[in-house]
Amino acid sequence: MPNGVLAVHKPGGITSHDVVGIVRRLFGTRRVGHAGTLDPLATGVLAVCVGPATRIAEYLAASTKEYIAGVEFGVQTDTQDATGRIVAEDDASSLTPAAVEEALRSFRGTIRQVPPMVSAVHHEGRRLYALAREGLTVERAPREVTISTVVLEEFVAGARATARLRVGCSAGTYIRALAADLGCALGVGGAMASLVRTRSGSIRLEACRTLEHLVAMREAGRLAEALVPIASALAGWPRAELDEAATEDVLHGRPVRVREGTGLGSGMPVLALLVDVRGDAVAIARVADAVAAPLKVLVRAT
């Protein structure tokens, strides 16, 4: 069974679920899932988990992200991006790079965002985007997100002034909401015009393969080479190496003591990746007081 993470360069015009469908056909398995939705407008890094690696999708989805976002000022839409219906317009010709830089200061750090109506957040058992398709708007509670970096990389003045932003943020951050809120703070409105995800966790855009490349690899019988091992996909996670006896215990769901020198011996409980002597992923575990309790076993016991 194929097992690993595909670093896909998602093109514009299709959904993340469309990409999952293509990958299912390429590998001939339904056990495929993505780790972090990109809207049809957006391009860039999409981590797609295949086989047993689908068990780490939630952890990949929770990783930090980086984006290059285009913002158009002087316009507001019902989707907060360029695909929506224009609901308000204004003249943004008075905007300057200095004004945008000043406004961006209030968006750095931990902020509160209201999820867009076109998001996948649940409301009374239904997705917000499903309600939006019916023309409904409901109250949404703001959520805390962290924007570690937001840099103005380019500004073009005009009645519909534009900006290019580089954004580093926590999972769950809505860049379209950032664009709309920034436009509101500047008093002229704004909408997201483009979006490229350049990093998701440890996966960077330059390491991603296009769908065309993956099809070519499939035709050449080399598709398995595109799969990133779980241990590599979770690079940067705390980890502990297990000897053969401890590996066998973990495969059967039993807690084990971790070796000294891992940095996991004391302190607050942390999530860690347990690997065998070859460095292959064995399980996700919660480690406290040098004891690792398996949460998700990633391989089958032999």
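This is a predicted model: local features need pLDDT of at least 70, side-chain atom pairs count only at pLDDT 80 or more; totals for chains, interfaces and linings use all residues.
Local features need pLDDT of at least 70 and side-chain atom pairs count only at pLDDT 80 or more, while totals for chains, interfaces and linings use all residues. Residues are numbered from 1 along each chain as its sequence is written, and side-chain values use heavy atoms, with hydrogens and water left out.

**View 1. The buried side of helix α3 (residues 97-104).** Here V100, A103 and L104 are the buried residues (under 20% relative accessible area; exposed is over 50%, partly exposed in between; 1.4 Å probe, protein chains only). They sit on the same side of α3 because they cover an arc of only 100° around the axis, taken from the directions from the helix axis to the C-beta atoms. Helices (H or I, at least four residues) and strands (E, at least two) are DSSP runs, numbered from the N terminus.

**View 2. K65, buried without a salt bridge.** Look for K65 in strand β4. The nearest side chain of opposite charge, E66, is 12 Å away; Lys and Arg count as positive, Asp and Glu as negative, and His and the chain ends are not counted. Instead, the K65 side chain reaches the backbone oxygen of A61 at 2.8 Å and that of S63 at 2.7 Å.

**View 3. K296 meets E58 in a salt bridge.** A salt bridge is a side-chain nitrogen of Lys or Arg within 4 Å of a carboxyl oxygen of Asp or Glu. The closest N and O atoms are 2.4 Å apart. This pair links strand β19 (residues 291-297) to helix α2 (residues 57-61), 238 residues apart.

**View 4. E66 and R199, another salt bridge.** Their N to O distance is 3.2 Å. E66 belongs to strand β4 and R199 to strand β12 (residues 190-200). R199 counts as buried because its relative accessibility is 11%.

Notes:
A polar contact is a pair of N or O atoms within 3.5 Å; within protein, one must be able to donate a hydrogen and the other to accept it, and residues adjacent in sequence count only if both atoms are side-chain atoms.
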